[in-house]
Amino acid sequence: MSIAENIARVRANIAAAAKEAGRNVSEITLVGASKMNDADACRQAIAAGIDVLGENREQEMTKKLAEHAYDGAPLHFIGHLQRNKVKNVVGTVAMIESVRSLALLSAIHQQAEKLGIVKDSLLEVNIC
């Protein structure tokens with residue numbers, strides 16, 4: 001099955017689930033994890049209508065950025081971000097998903113201040 005066919009299938013499943021839940025499908029963002037896929041696969045996903053691409057390895061993200069793999073779609077950093085990689089991620093991605101610690105949040109904030117930006121992030125909170 002091609003990338004375009006997979007995305008179409010996922011979109012159909014999202015539409016059915018949204019209808020069943022009484023939600024508007026336009027409120028749902030499809031984020032495709034592009035890890036371990038090459039730049040061409042990322043471009044195919046964007047052409048097929050993926051809303052956002054998510055990368056979880058800073059080195060892979062940097063390589064694909066140089067190859068213009070994400071042109072045409074927002075890029076999120078998904079998964080665990082190491083503090084020593086913050087300077088390469090903040091200012092590059094639209095959102096950081098899953099900030100797990102106050103130390104990481106502080107590092108993100110400091111880098112964002114240096115760049116004069118506000119960095120959208122999702123915080124992971126353990127309630128147990």
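Which residues of H5 are buried?

## Basis

This is a predicted model, in which local features need pLDDT of at least 70, side-chain atom pairs count only at pLDDT 80 or more, and totals for chains, interfaces and linings use all residues. Residues are numbered from 1 along each chain as its sequence is written, and side-chain values use heavy atoms, with hydrogens and water left out.

## Helix H5

The buried residues of H5 (residues 102-115) are Leu104, Ala107, Ile108, Gln111 and Ala112. They cover an arc of only 130° around the axis (taken from the directions from the helix axis to the C-beta atoms), so they lie on the same side of H5. Buried means under 20% relative accessible area and exposed over 50%, with partly exposed in between (1.4 Å probe, protein chains only). Exposed Leu102 and Glu113 sit on the face turned away from the buried side.

Helices (H or I, at least four residues) and strands (E, at least two) are DSSP runs, numbered from the N terminus. Gly116, with a positive phi near 70°, follows H5.

## Strand S4

Strand S4 (residues 95-99) is largely enclosed by the rest of the structure, because four of its five residues are buried. S4 pairs in the parallel sense with S3 (residues 75-77) over two bridges and with S5 (residues 120-123) over three bridges; pairing requires at least two DSSP bridges between the strands. Phe77 has Ile96 as its bridge partner in S4, and Val99 stands opposite Leu123 in S5.

## Ile96

Leaving aside neighbours within four places in sequence, Ile96 has contacts (heavy atoms within 4.5 Å) with residues including Phe77, Leu81, Ile108 and Leu122.

Definitions and conventions: A crossover is right-handed if, with the strands pointing away from the viewer, the path from the first strand over the helix to the second runs clockwise.
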